[in-house]
Amino acid sequence: MPTLTAASKQWHLSGTSMQRSPNTIVLTLLAASLQSAFAAEYASAPTAQLEAVVVTATRTDKKLDELPPSVSSTGRSGLDQSFIKNYRDLNRTEPGIHIRRDSRYGLSSVNVRGLEGNRVLMLVDGIRLPDAFSFGAYLNSGRDQVDFSQLSAIEVVRGPSSTLYGSDALGGVVGLRTTSPGDLLRGQSNFAGQIKADYDSSDRGMSVQAAVAGAFNQDTFWLLQAAQRQGHELESKGTVDTQNYHRTKANPQDTNKRSVLAKVEHYFENGHKLGLAAENYRSEVDTAIYTDISAPMTPSILASQANDVQSRSRVSLDYSYIAPAQDLIDAAQAKLYYQTQNNEQSTAQQRRNVTGWQRLSLYDQDMVGLSGLIEKRIAGPVSQHWTIGGEWLQNDLAALRTGSISPVRDVPKTQTTQWGIYAQNELGWDEGRFLLTPSLRYDAFKLRPEPDAAFISQGGKAVALDDAKVSPKLAASWKIAEQVTLFGQYSEGFRAPSAMELNSSYISPMGYAAIPNPDLKPETSRGIELGARLGNNALGGSFTAFDNRYKDFIEQISIACPGNPMCVPGTSITYQNQNQSRVRIYGAEARAHWQISSTWRTWSNMAWAVGRNENTDKPLDSVAPLKAVFGLEYSKEQWGGNALLTAASAKTRTSQASYFKTPGYGIVDLALWWSPVKDLKLSGGLFNIGDQKYWIDSDVRSLEASNSVLDRYTQPGRNVKISADWRF
């Protein structure tokens with residue numbers, strides 16, 4: 001196979017040339033996200049939370065049962081018990097959360113209630129993950145950039161959430177919280193550690209993770225965590241093993257992922273806390289793309305090899321304050337952070353009549369940000385809980401493609417600046433049994449392109465953008481009985497246009513072009529929800545019904561040329577991103593649980609939604625079919641297990657009649673665990689016990705039903721996962 005030249009790799013995204021950073025794990029300082037309140041007057045060892053406490057929904061600590069049922073949280077024990085190693089695994093227990101997977105680029109962006117990509121805000125310790133970005137067949141940067149072995153919890157807020165988070169929270173928020181020293185120390189000692197290892201037969205992957213935490217003194221605590229996972233291609237139920245387009249078995253692939261996390265926390269007297277931490281995540285994937293060979297669209301390809309490297313690092317400093325006594329404010333938080341992401345995706349091919357065809361796609365994002373808030377509670381006949389905050393962030397983006405061509409940019413280097421301020425007040429009557437919470441946020445954002453020779457040389461033109469948005473929200477809850485709480489809310493969200501949507505601009509020698517759009521407006525959403533939480537920990541459940549309406553969806557449209565004043569001269573077609581669609585998505589979600597006895601427990605989750613493009617009166621393909629999961633658990637002091645049934649209905653509605661409609665399916669998983677001695681836990685699971693052949697809707701979206709290689713997109717058959725977890 002041909003290899004990329006050294007000269008190609010000298011081009012860097014932030015300038016004309018510079019050396020790419022080494023492919024090694026680099027520790028960078030960052031701080032832990034503000035989490036549990038420090039209520040004592042002096043420092044003491046942090047302890048792990050016993051109750052589910054959610055931060056993402058309100059930016060402050062709230063018990064899960066105090067929040068609407070559209071909010072969910074999966075803690076570390078739940079992640080381990082269900083063998084949740086990535087977003088696709090999370091979908092086994094959270095049927096309303098989906099993620100699309102590409103055989104080369106892997107998992108992309110989380111889908112919440114039918115919206116995905118940059119329409120769902122994703123956070124790690126309260127810091128935005130870099131945007132998803134793709135261009136053509138050879139550049140695809142998704143948002144699977146966090147090692148799940150380093151998480152203490154995953155929190156999901158469904159529905160528009162821009163009142164607290166600004167742009168991108170159009171469909172919801174996914175908040176990832178990493179491990180803190182207290183999660184290991186558990187208030188029991190000044191030193192603790194953990195070693196975990198696991199094996200997954202579906203991709204023949206093995207991983208190991210080690211963590212240690214300790215106390216420098218009674219006020220200062222530290223954590224160091226490292227993990228590595230090596231695997232191969234994810235198997236499918238395809239059986240065709242040829243080395244060409246007709247192959248349905250997975251392409252051969254080697255994966256190597258590494259991560260490091262370090263934290264230091266210091267507790268001062270009178271409720272002050274300072275945190276510092278470091279995180280780095282790096283993924284490298286090598287793929288022999290047999291399915292490129294003699295493909296209908298690229299019949300000249302004789303061989304194809306890919307190497308994709310993605311890394312993300314962040315540094316942040318966190319401060320929190322909890323007033324030990326009555327004061328002007330009750331609590332405060334502040335966060336300063338820097339984050340960088342680098343992508344290098346290379347493709348080398350042998351083509352007929354072409355010697356050593358190469359493509360190197362580079363994509364970088366650098367982000368710096370500052371956020372903070374204050375809280376104040378006011379007692380009285382009508383209690384008040386004020387939260388006032390703001391944030392500022394600046395994102396520098398650069399994308400470049402080179403290889404067998406001169407270096408070019410299809411979107412100019414761009415600096416995006418956003419800032420916002422917000423306020424919410426939780427008003428309480430009848431000793432808090434009835435709560436009414438109005439919220440309001442103002443956001444301003446601007447995009448400033450920086451065209452250079454690599455952009456201008458291929459006909460690129462760029463425009464700037466300045467805009468602002470106001471996002472209101474009104475939420476209410478009413479505890480009408482001891483075990484019955486009703487919820488309702490109206491909320492709005494928005495997403496500002498991305499640099500790619502605003503200024504994707506080029507002129508191709510093949511007779512087509514793309515032009516910028518200075519008139520792009522933000523995508524917006526309005527959502528109404530009604531729900532209830534019922535029962536208690538022994539027997540209970542929740543229900544939510546929602547109706548979300550979106551407008552000004554940004555879509556790329558094609559303009560037939562010539563004959564239109566927007567056409568680029570000499571082209572037969574011109575592309576431009578425009579505000580086009582009005583979309584409605586409505587549906588329902590339900591949960592139930594029953595603690596049958598001290599050892600037996602059963603539970604279920606269900607998600608159903610319908611989406612429609614109101615401009616075309618056609619179904620929205622990104623909305624998944626009805627899905628439900630049913631679990632049965634048995635647990636004693638030293639051993640236990642669970643069985644899980646996942647059932648999905650067939651897809652019956654697509655935007656085009658010719659598209660493949662996924663059949664319904666039902667699969668059963670079984671997991672067992674055993675603790676032979678204290679602090680050692682051995683687990684094993686058998687997944688897809690019936691060896692069913694099935695497709696996940698998001699993986700085959702927009703594929704024709706007549707496609708001869710549909711089996712390529714099937715999910716793994718019967719597979720085994722085992723793990724060992726030792727704490728000391």
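Biologist: Does aspartate 547 count as buried, partly exposed or exposed?

Modeller: This is a predicted model, in which local features need pLDDT of at least 70 and side-chain atom pairs count only at pLDDT 80 or more, while totals for chains, interfaces and linings use all residues. Residues are numbered from 1 along each chain as its sequence is written, and side-chain values use heavy atoms, with hydrogens and water left out. Buried means under 20% relative accessible area, exposed over 50%, and partly exposed in between (1.4 Å probe, protein chains only). Because its relative accessibility is 22%, aspartate 547 counts as partly exposed.

Biologist: With which residue does arginine 549 form a salt bridge?

Modeller: A salt bridge here is a side-chain nitrogen of Lys or Arg within 4 Å of a carboxyl oxygen of Asp or Glu. Arginine 549 is itself partly exposed, with a relative accessible area of 33%. At 3.8 Å between the closest N and O atoms, its partner is aspartate 547.

Biologist: How many residues apart in sequence are the parts that aspartate 552 and lysine 521 tie together?

Modeller: The closest N and O atoms of aspartate 552 and lysine 521 are 3.8 Å apart, in a salt bridge. Aspartate 552 lies in strand S29 (residues 539-560) and lysine 521 in the loop between strand S27 (512-514) and strand S28 (523-535); strands are DSSP runs of E, at least two residues, numbered from the N terminus. The pair therefore ties together parts whose separation in sequence, in residues, is 31.

Biologist: Which of the two is buried, aspartate 552 or lysine 521?

Modeller: Lysine 521 has 41% relative accessibility, so it counts as partly exposed. With a relative accessible area of 17%, the buried residue is aspartate 552.

Biologist: In which strand does lysine 376 lie?

Modeller: Lysine 376 meets aspartate 330 in a salt bridge (3.9 Å, N to O). Aspartate 330 is in the loop between strand S18 (301-322) and strand S19 (331-351), so the pair ties together parts 46 residues apart in sequence. Both lysine 376 and aspartate 330 are buried. The strand that holds lysine 376 is S20 (residues 354-378).

Biologist: With which side chain does the side chain of aspartate 410 make a polar contact?

Modeller: Aspartate 410 lies in the loop between strand S21 (383-403) and strand S22 (413-429). Aspartate 410 is buried, with a relative accessible area of 7%. A polar contact is a pair of N or O atoms within 3.5 Å; within protein, one must be able to donate a hydrogen and the other to accept it, and residues adjacent in sequence count only if both atoms are side-chain atoms. At 2.5 Å, the partner side chain is that of arginine 401.

Methods:
Helices (H or I, at least four residues) and strands (E, at least two) are DSSP runs, numbered from the N terminus.
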